[in-house]
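Let's take a walk through this one, strand by strand. Have the viewer open and follow along.

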Amino acid sequence: MVQVLSPVPGTFYTQASPEEPVYKAAGDAVSVGDTVGLIEVMKTFIEVKAEVAGTFTEYLVESGGAVTAGQPLAEIEA
Amino acid sequence: MAIKRLFIANRGEIAVRIIRAAKAMGVHTIQAYSEADADMLAVRLADEAVCIGPAQAALSYLNVEGMVAAAKAAHADAVHPGYGFLAENAGFVRALDAAGIIFVGPSADTIDAMGDKVSARQAAQAAGVPVVPGSKGRVETIDDAVDVAAKIGYPVMIKAAAGGGGKGIRIADTEAELRKMAPQAQAEAKASFGDGGLYLERAIQSPRHIEVQIMGDGTNAVHYFERECSLQRRRQKVWEEAGAECLDEATRAHLCDTAVALAKAVNYVGAGTLEYLYDSVTANFYFIEMNTRIQVEHPVTEMLTGTDLVQEMIHVAGGGKLRQRQSDIIRSGHAIEVRLNAEDPFLQFMPCPGQITGLRVPEGEGIRFDHFLYEGYQIPPFYDSLLGKLIVHGRDRQAAIDLLITALKGLEIEGVKTTKPLHLALAQDASVRSDDFHTQWLEPWLASGNLKPTPEITGGTS
């Protein structure tokens with residue numbers, strides 16, 4: 001199990017916009033470089049990318065939740 | 001009724017600025033704050049502070065119902081909105097009206113009228129404020145387009161009458177180009193919007209951004225001259241000046257007088273700014289929009305004219321009449337403001353929230369630093385990256401730029417990356433020093449690698 005960590009503090013989102021589907025759902029295949037989340041920091045949006053390939057397990061933070069730098073955001077079964 | 005209890009519905013440096021103005025007037029201050037802002041400087045400086053919700057702005061600083069309820073519960077008789085957040089939200093003003101609380105700014109109807117681009121353009125035209133010349137309405141045929149273009153002058157911008165945004169916009173420099181491009185634009189408009197109607201407007205290329213500060217009391221209005229804000233990145237101003245050296249006296253007078261005419265025509269109350277595109281080749285200016293609030297860059301105007309604009313807007317909101325006649329307002333010297341943002345200018349301006357581990361603020365005649373920092377302060381990541389504004393005033397533009405360099409070198413913000421190196425580089429750039437730039441200048445300058453981490457601009461630790 002590999003955790004995806006937040007690169008910066010900010011607000012975490014599991015989808016690109018409220019109308020879009022979540023980036024990943026449980027059981028989805030993940031490739032290196034896939035976007036798994038979005039962090040809003042000071043009105044700038046930064047995509048969070050997977051650094052390992054595997055199967056998506058779950059998000060560890062609710063969409064819209066505040067996160068700190070280094071906080072685990074999601075888990076991937078590598 | 002003079003304001004006695006002022007509720008500040010904003011955060012950051014502008015909240016501190018408003019508290020200082022209110023205290024100088026003997027007004028009791030009540031600061032709103034989100035759960036992420038409990039430690040901010042404005043909370044420490046205010047007489048009272050009220051938590052208005054969680055970190056997310058949508059649930060706190062942008063929550064109309066919650067903000068009005070908090071102001072009411074605090075027995076505020078007025079609310080200052082600052083800039084951004086609810087500052088130009090007519091619904092907020094109407095909710096305050098209903099609660100019997102004064103909004104420090106214009107009426108909801110004025111905000112509605114000036115917030116709509118078409119009605120703002122009509123109001124401007126009616127008051128004699130120049131707007132970008134364009135076709136009266138839709139243009140149906142190519143020959144009509146050529147006739148209109150001959151009247152408004154080339155280059156012309158060809159737009160789809162039905163569309164919005166920038167889609168399908170073409171610029172024709174000559175009649176031959178217009179005759180070639182107009183049919184393409186018609187076909188594209190028909191395909192995209194089911195309507196081949198076109199709209200023509202004079203294309204203002206490489207314009208400067210010039211704006212005029214006005215203040216009204218509902219009957220009378222005055223101007224505090226103009227600002228030059230062409231140095232922009234991603235449509236965000238980074239460096240602002242008062243006045244604009246590129247204007248001659250006749251153009252300046254025309255610009256400022258028509259701005260006052262518009263303010264009087266709409267019975268304007270409070271501080272407002274009319275924004276213009278300025279074509280320095282033809283010396284023509286064109287109204288683009290009006291901002292019905294105090295602006296980030298208001299301090300340069302305060303330094304130029306010696307007026308406290310925030311105090312003046314609180315005074316007129318409380319029913320006071322303007323305390324200065326136009327002839328009392330004198331411009332003196334030259335002022336420059338630079339925005340210190342928590343961003344890394346050497347890493348695509350990546351935001352850098354963090355803790356302020358050290359702070360040294362430059363002091364001296366003609367130097368001012370508006371900010372909300374203190375040693376140990378943790379800058380939250382939820383709001384914009386503006387940390388403070390360094391403002392200098394000198395006897396002329398060259399003296400102001402030289403003082404800016406001295407002041408920047410004396411400013412140390414430790415713990416986070418800031419845009420200080422950008423401003424040091426700009427202040428030493430030949431084009432900036434000779435006032436030779438426009439709104440499309442800074443981004444190509446950055447893209448060409450003009451900002452390098454040399455000792456001259458990174459001498460400090462920030």
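**Strands in chains B and A**

Start with the pairing of β9(B) and strand β12 (residues 269-279) of chain B: they run antiparallel and are joined by ten bridges. If you want one contact to click on, G216(B) has G270(B) as its bridge partner in β12(B). Keep in mind that this is a predicted model.

β9(B) also pairs with strand β10 (residues 221-233) of chain B, again in the antiparallel sense, over six bridges. Here E211(B) finds its bridge partner in R227(B) of β10(B). The two strands make a hairpin with three residues between them, and in that hairpin G218(B) takes a positive phi near 100°.

So how enclosed is β9(B), and why? Ten of the ten residues of this strand (residues 208-217) are buried, so the rest of the structure largely encloses it. For the cut-off, a residue is called buried if 20 or more other C-beta atoms lie within 10 Å of its own. In a regular strand, side chains alternate between the two faces of the sheet. In β9(B), R208(B), I210(B), V212(B), I214(B) and G216(B) point one way, while H209(B), E211(B), Q213(B), M215(B) and D217(B) point the other way, and all are buried.

Now hop over to chain A. Four strands there form an open sheet, in the order β5-β4-β2-β7, with antiparallel pairing. Its edge strands, β5 (44-49) and β7 (65-67) of chain A, each pair on one side only. From one strand to the next, the twist averages 35°. Strand β2 (residues 10-13) of chain A is joined to β7(A) by three bridges, and there G10(A) has V67(A) as its bridge partner.

Notes. Residues numbered from 1 in each chain as written. Chains lettered and ligands numbered in written order. Predicted model: local features only at pLDDT ≥ 70, side-chain atom pairs only at ≥ 80, totals over all residues. Buried ≥ 20, exposed ≤ 12 C-beta atoms within 10 Å, placed from the backbone. Pairing = 2+ DSSP bridges. Axes fitted to C-alpha atoms, helices over the stretch in contact; angles between N-to-C directions.
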